[in-house]
Amino acid sequence: IIEVEPKERVDSSTLRYNMATSKGAQRRLILPKLEKGGRVYALVGTDVDYPIQTTTLDVELISKGRNIGNRESFNIPILDRKFRKEYLESSNVENASPETSEDVASQQRETRILYPSWNGITNGKYVQDGFKLPIPECNPESFGSRRFYDEIERSPHRGIDCKGNVGDLIFAPMSGIVKLVERDFFYMGNTVTLDHGLGLHTLYAHMGEQRVKQGQSVKVGDSLGKIGRTGRTSGPHLHWQAKLYGGKLLAMNMDPMSLEVLNSVFP
């Protein structure tokens with residue numbers, strides 16, 4: 001929480017966020033923001049793959065078309081975090097690797113359709129209520145885990161796993177707009193993505209039944225569908241993922257459990 005006391009009435013504000021990517025490139029974003037109760041809120045995050053660093057948030061206040069006071073910069077340290085290792089045998093995992101031409105086509109379709117559905121910064125402010133879990137048992141320790149298939153390391157786990165049985169209901173954790181409803185992706189299986197505005201998107205994968213349509217508005221607690229075991233999975237569960245601001249190459253994959261901070265804005 002950062003507080004800035006303006007010297008005079010503020011008409012608008014600009015928040016610029018600076019960080020280094022995993023490839024060492026410098027990235028600067030103008031953050032989308034939400035005004036509520038006379039205060040300004042913005043979400044700041046960094047990707048699980050980005051290096052340990054001190055990021056900066058530059059705040060500029062505008063009154064009558066001019067900057068009032070000097071720009072204020074705030075340091076936000078990104079702390080070290082140790083992720084657990086998880087070892088899996090391909091023989092126990094469905095869709096461990098694409099083997100047939102149909103598998104390859106499904107994988108290519110997933111890349112072509114899924115990533116654009118939650119790209120970029122959205123300026124809409126669709127979050128109108130609080131935050132809750134999509135299903136009761138979600139394990140934050142599964143976020144960022146290093147996964148090994150037959151002793152070979154693959155991509156880290158960019159979401160968290162939520163336990164459940166086939167047919168258990170999945171609920172929207174906050175309000176938003178349905179951006180994607182697709183079936184039979186090779187890795188994610190039956191998938192739904194939501195756009196919550198403020199540059200925030202969430203994804204729900206390995207679903208069985210899907211109960212929403214693209215473009216539909218949802219509120220916290222609305223049913224999105226049911227748990228299944230589609231795509232790359234070793235059993236029925238929900239893969240739940242959150243992303244800020246990014247496309248495929250510059251994603252910022254957040255621990256979805258950290259979004260509970262929204263309850264301080266929407267009690």
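Two strands pair if DSSP finds at least two bridges between them. Strands here (E, at least two residues) and helices (H or I, at least four) are DSSP runs, numbered from the N terminus. What you're looking at is a predicted model, where local features need pLDDT of at least 70, side-chain atom pairs count only at pLDDT 80 or more, and totals for chains, interfaces and linings use all residues. Residues are numbered from 1 along each chain as its sequence is written, and side-chain values use heavy atoms, with hydrogens and water left out.

Let's start with E5, which covers residues 53-63. Of its 11 residues, 9 are buried, so the strand is largely enclosed by the rest of the structure. Buried means under 20% relative accessible area, exposed means over 50%, and partly exposed is in between (1.4 Å probe, protein chains only).

Here is how E5 pairs up:

| Partner strand | Bridges to E5 | Direction |
|---|---|---|
| E1 (residues 12-20) | 7 bridges | antiparallel |
| E7 (residues 72-78) | 7 bridges | antiparallel |
| E6 (residues 66-67) | 2 bridges | antiparallel |

Tyr17 stands opposite Leu57 in E5.

**Helix H1**

Now find H1, residues 101-114.

Which residues of H1 are buried? They are Asp103, Ser106, Glu110 and Leu114. Looking down the axis of H1, you'd see these buried residues fall within an arc of 60°, so they line one face of the helix. (The arc is that of the directions from the helix axis to the C-beta atoms.) An α-helix has 3.6 residues a turn, so residues three or four places apart point the same way.

The buried residues of H1 pack against strands E14 (176-185), E15 (189-197) and E16 (200-210), where contact means heavy atoms within 4.5 Å. On the face turned away from the buried side sit the exposed residues Ser101 and Arg112.

**Aromatic rings**

Searching the whole structure turns up 4 aromatic pairs. Rings of Phe, Tyr and Trp (its six-membered ring) pair if their centres lie within 6.5 Å; planes under 30 degrees apart count as stacked, over 60 as edge-to-face and the rest as tilted.

One of the pairs is Tyr87 with Phe148, stacked at 4.7 Å centre to centre with 20° between the planes. Tyr87 lies in E8 (residues 85-88) and Phe148 in E10 (residues 146-149), so the pair ties together parts 61 residues apart in sequence. Tyr87 is partly exposed at 49% relative accessibility, whereas Phe148 is buried at 10%.

Another pair, Phe186 and Tyr187, is edge-to-face: 5.0 Å centre to centre, 85° between the planes. Phe186 is buried, at 2%, and Tyr187 is partly exposed, at 23%.

Lys132 lies over the face of Phe171, 5.5 Å from the ring centre, and the charged end of Arg232 sits over the ring of Tyr149, 4.8 Å from its centre. To count, NZ of Lys or CZ of Arg must be within 6 Å of the ring centre and within 35 degrees of the ring normal.

Terms used. The expected span of a helix is 1.5 Å times one less than its number of residues.
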